[in-house]
Amino acid sequence: MTTAEAFHPIERSILYALSNKDNLSIDSLAANTGLSIDQIRRGIEWLKFKNLISVEQFSRQRILVAPGGLKATKNGLPERRLVNSLKKGKVNIAEVLAAGDIKNEEINAAIAGARRNHWIELIEGKMIPTHFADNQSPEEGFLTKIIPGIEISKLTQEDRNVLEEIRKRPNYVLIKEEKETLISLTESARQILPTLNREEYEERRLLTPELITSGKWKETRFSSLDVEAPTPVIFPGRRHPLMEIIEEIKEIFIGLGFSEIEGPIIQSSFWNFDALFTPQDHPARELQDTFYISNQTQQPISASKDQITRVSRIHKQRWNRGWDVREGQRPVLRTHTTPVTVQHLAKVKSDAGRFFLIDKVFRNEKLSYKHLAEFYQIEGVAIAPDASLRELIGLQKEFYAKMGLTRIKFWPTFFPYTEPSLQSMVYNERLERWIELFGMGIFRPEVTEPLGIKNRVLAWGGGLERIAMLRFELDDVRELYRNKLAWLRGVPKCQL
Amino acid sequence: MVEGRAKMPVVTVKIKRLKKLISDIRVDTALEMLPFIGLDIEGVDKETIRVEYNPNRPDLSSDIGIARALRGLLEIETGLPKFKLAGKSGIAIRVQGSVCKVRPYIVAFAANDGTLQDETLKQLISMQEDLHNGIGRKRRKASIGIHNLDVITSPITYKTVTGDYSFRPLNESSDFSIDCILSDLEIGKQYGHILADFDRYPLLIDNAGKVLSFPPVINGQATRVTDNCSNLFVEVTAIDEDTAEDLLAILAITLYDAGFDINSVNIESGKKTSKTPRMTQKVISADVSYLNNILGLSLGAKQMEHCLEKSRLDASIRNRKNIACTIPRYRIDINHPIDIAEELAIGYGIYNLEPSFPASYSVGEKNSLSVHFNAIRESLIGLGMIESLNFLLTSKEVQYDTFDAPPPKHPLFVETSKSIEHELLRDSLIPVLLKSLSYNIHEQYPQKLFEIGKTFLKSNRMIEERWSVGAVIANTESGYTEIKSAMQALLRSCFGREAITTPSTNHMFMKGRSAQVMFEGKSVGIIGEITPLALEKFKLRMPVAAFEINLLPTIKDK
């Protein structure tokens with residue numbers, strides 16, 4: 001026998017609400033108990049399982065007046081309008097029609113109705129209204145009665161007869177089917193109701209510090225909680241997903257013995273282009289590809305006189321034109337991370353070492369779903385005596401393997417400051433095609449010699465956002481920077 | 001090492017013609033091998049293959065050049081491509097002194113008894129445009145004219161004329177003066193700026209008064225080429241002699257391969273007469289061990305010769321240690337032994353290079369700034385904040401107009417940005433964080449965002465790059481208390497010291513609700529409640545409190 005203790009507050013409320021009623025609909029139960037529909041539904045399931053309530057579904061039909069019927073009530077049924085017309089002096093159908101009081105298609109209904117109600121009689125070929133015509137017809141009465149809508153079950157037999165007649169008329173009434181669920185207590189429920197009322201324990205929801213310290217908790221009955229109920233959604237703080245990828249890649253570099261370097265975004269053209277064997281009239285140096293800072297036409301180059309002389313000499317030898325120091329002095333937003341790398345190598349002059357950076361670069365581009373004006377570039381360099389192209393390929397394979405990429409191929413390409421130069425392509429299973437990954441090469445002697453870098457430098461790099469778009473399955477690169485919380489809050493931290 | 005964004009030039013290769021150029025090559029073989037000569041396949045359909053090439057290889061600007069390179073790699077034809085001058089054309093160009101200041105150099109050749117039909121003319125036109133844009137530096141450095149030789153009478157004069165000189169330009173139905181061409185015709189407006197500094201303009205005219213061209217703008221209608229022409233006159237004018245010669249050589253070998261006889265032209269300038277095209281090949285020597293070392297191979301002499309020949313070089317080993325390579329005239333990109341190394345790698349086949357894995361003697365580590373930033377990032381995440389990333393380039397509207405504030409004395413604008421939203425280097429993180437909030441007005445509150453990034457300030461004529469951390473909290477009852485607690489929690493947990501806030505004013509914050517953040521006696525940042533003026537402009541409906549701290553002073557002190 002279930003005791004009062006075992007009841008959830010929701011169950012208790014429902015049982016109480018039904019205790020003095022035959023049955024209640026779900027809506028009425030909610031209204032009576034102050035619970036939500038969801039809670040009522042849950043409570044009903046539990047009580048049904050315990051065999052304390054029964055659930056019955058009823059179907060009801062309701063009659064409502066339809067537009068046609070409303071119009072008829074307002075203007076009068078055809079037979080009423082016929083009789084009114086006759087009262088005004090018309091004597092036959094032709095005249096009534098001519099007067100416009102009824103329409104052609106209504107003639108039959110009008111005459112039939114008028115005859116049925118004994119409203120007209122035919123005398124010497126003329127239609128004359130009778131004194132019965134002053135009475136309301138059953139149809140008229142019915143239409144007015146059902147305007148607020150009425151359940152079919154509540155209709156009298158007479159009403160039903162009239163309904164049959166009315167249903168023949170076009171669009172006068174509408175019959176709607178409504179379903180209702182009614183809940184009622186079972187016999188066993190009625191038997192335990194009395195025990196429910198004799199609740200001796202006081203029920204508590206909160207376990208308070210006071211109850212704990214006073215020991216009163218021992219005498220308190222604590223209510224059950226609706227452990228299934230949903231609770232407010234909250235969001236933890238987190239790294240930006242792009243930063244997560246950056247961290248991962250940093251770890252891969254570090255695991256392969258690379259140390260992180262960093263440097264300024266604003267570089268002189270000398271370091272961004274000249275020292276990297278890019279002639280001063282190269283198209284990439286134009287306004288439409290590179291960001292120059294307004295009102296900053298010249299800034300002193302942060303290089304030694306010796307370095308500047310040697311680099312300019314290379315330019316003069318290779319390209320038979322003068323080398324303009326003022327061009328080298330123009331500050332730009334770096335178009336790649338290589339100026340930072342090459343300055344670092346020139347500074348530390350190590351015989352062997354491995355360095356990397358992942359940082360922002362800038363191109364004067366119009367933003368689109370696949371292009372940004374500023375993006376992250378990954379760059380790695382390895383300097384060693386006798387570093388070779390095969391070692392560069394080997395480094396790439398190791399790096400990619402740690403990123404989980406194994407289907408790789410290499411093709412020749414061109415960069416102004418590396419020779420030989422290669423690009424790597426990775427096969428993407430989801431898109432089912434080869435995608436360009438990184439560019440790479442060995443720094444040209446024209447780059448390393450003027451800076452006193454003695455050993456061979458292997459270098460490689462590429463854009464980060466493309467990798468991010470593949471990982472996060474984005475179609476528009478700008479989404480990475482919109483910082484929409486729906487995305488930021490939703491990207492799973494564990495990418496399997 | 002990110003690919004240049006400037007559009008790479010494209011060549012459309014008709015498959016039928018490729019099969020003729022390379023004895024019946026199979027399409028799938030071609031598609032497989034094209035990337036190994038450095039071409040990116042853009043698109044393939046039933047009749048054509050479209051490829052992108054790097055402009056450092058102007059010889060690949062036509063299907064003829066591509067076929068020449070492929071024949072080598074496929075070992076159908078190796079070593080130096082054949083080229084021989086057929087003879088003298090008997091044509092002379094007399095150069096007048098006045099061109100010296102404007103466009104001093106001209107070189108030319110005659111191409112006889114060939115056919116332009118079957119795609120050759122199309123390839124020539126496409127090639128000419130690519131060469132103009134690439135090496136020609138949009139025609140400024142050099143430009144090419146191709147003319148119908150049959151209507152030309154020698155000697156040709158290369159001189160300057162005044163702006164009122166008239167002739168019929170290509171595809172026009174009447175004569176135009178040069179001034180009109182520069183002001184009215186599209187092509188004049190596009191390239192006229194090259195001649196903006198001058199009042200006399202270059203003109204190439206033959207002995208009968210036919211105008212061949214007005215370099216670098218437009219050719220004359222009189223010498224127009226159609227695909228019926230079998231005799232061509234090709235000239236290059238330039239401001240750089242080497243560039244002119246290089247372009248001419250590339251055109252010469254292309255037309256030679258297309259079946260024309262190439263005949264030389266005399267250039268008479270003052271007392272000097274020179275014969276063009278000059279097709280002398282350079283010879284570059286490299287150490288065998290050097291080449292092997294760079295690639296990580298140990299090729300024998302014969303093998304090396306063979307690989308280089310596949311790249312269309314001639315190679316012969318001298319005294320076993322040294323290899324002398326003859327470079328085709330059209331390879332203007334090969335100048336140094338390192339360039340030989342690349343040709344060797346391509347001839348060997350990049351696909352044949354086995355990776356090698358040297359041991360690393362270095363231990364990797366993070367940069368100390370990174371480590372500090374990570375600590376800050378983790379503290380803020382621990383305070384329930386979500387990291388946002390915004391661009392460093394922003395707009396005057398976002399940074400200043402939204403606060404009705406004037407821009408600083410020296411705002412850092414960039415020249416001619418293609419996006420107006422990216423015209424200015426940001427001097428503060430708070431405005432861009434507010435912009436991020438404005439994308440999220442329908443998302444659940446509270447919203448707490450932070451960013452660690454660079455901000456820029458111009459001081460004493462130098463531009464300072466600073467690392468800053470900014471945070472915003474938007475919530476129905478957001479306020480100073482909450483943001484101050486967060487800021488102090490951050491500095492305390494990262495650096496173990498308390499930060500103090502002293503009253504101040506700032507255009508971003510409400511009056512009386514703005515403070516400076518003091519840390520170790522130095523002002524390191526700002527904190528306050530955002531002015532409703534800005535909230536309205538950003539279309540935010542929630543109050544926002546914010547702080548921004550410059551990190552380097554705080555890190556240095558620790």
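To get my bearings, what percentage of the 558 residues of chain B count as buried? After that, please take a close look at the salt bridges: which residues of chain A form a salt bridge with the closest N and O atoms being 2.7 Å apart?

A: This is a predicted model, where local features need pLDDT of at least 70, side-chain atom pairs count only at pLDDT 80 or more, and totals for chains, interfaces and linings use all residues, while side-chain values use heavy atoms, without hydrogens or water. Residues are numbered from 1 along each chain as its sequence is written, with chains lettered from A and ligands numbered from 1 in the order in which they are written.

Now, your first question. In chain B, 56% of the 558 residues count as buried. Here buried means under 20% relative accessible area, exposed means over 50%, and partly exposed is in between (1.4 Å probe, protein chains only). Along its principal axes, the C-alpha atoms of chain B fill a box of roughly 90 × 65 × 50 Å. Chain B has 17 helices and 27 strands; these are DSSP runs numbered from the N terminus, with at least four residues of H or I for a helix and at least two of E for a strand.

In chain B, an open sheet of three strands runs in the order β1-β3-β2, with antiparallel pairing. At its edges stand β1 (10–14) and β2 (40–44) of chain B, each with a single partner strand, so one side of each has no neighbour in the sheet. Strands pair if DSSP finds at least two bridges between them. For β1(B) and β3 (residues 48–52) of chain B, there are five bridges in the antiparallel sense. One spot to look for is V13(B), whose bridge partner in β3(B) is I49(B).

Over in chain A, have a look at strand β17 (residues 456–463). Eight of its eight residues are buried, so β17(A) is largely enclosed by the rest of the structure. Strand β13 (residues 374–384) of chain A pairs with β17(A) in the antiparallel sense over eight bridges, and I378(A) has G462(A) as its bridge partner there. Strand β16 (residues 433–443) of chain A also pairs with β17(A) in the antiparallel sense, over four bridges. Here G439(A) stands opposite G461(A) in β17(A).

Side chains of opposite charge can pair when their charged atoms come close. A salt bridge here is a side-chain nitrogen of Lys or Arg within 4 Å of a carboxyl oxygen of Asp or Glu. Searching the whole structure turns up 65 salt bridges over all chains.

The pair you asked about is K87(A) and D134(A), with their closest N and O atoms 2.7 Å apart. K87(A) sits in helix α5 (residues 78–87) of chain A, and D134(A) sits in the loop between β4 (126–129) and α8 (138–146) of chain A, so the pair ties together parts 47 residues apart in sequence. K87(A) is partly exposed, at 42% relative accessible area, while D134(A) counts as exposed at 56%.

Next come E244(A) and K493(A), whose side chains meet in a salt bridge at 2.9 Å, N to O. Since E244(A) is in helix α12 (residues 241–255) of chain A and K493(A) is in the segment after α21 (485–490) of chain A, this pair ties together parts 249 residues apart in sequence. E244(A) counts as buried, with 14% relative accessibility, whereas K493(A) counts as exposed, with 52%.

What about R444(A) and E446(A)? They form a salt bridge too, and the closest N and O atoms are 3.0 Å apart. R444(A) counts as buried at 5% relative accessibility, and E446(A) counts as buried at 12%.

There's also a network of salt bridges to trace: R60(A), R62(A), E151(A), K154(A), E178(A) and E180(A) are linked in it.

I147(A) lies in the loop between α8 and β5 (150–151) of chain A, and it counts as partly exposed at 42% relative accessibility. From I147(A) to Y481(A) is 60 Å in space, C-alpha to C-alpha, and 334 residues in sequence.
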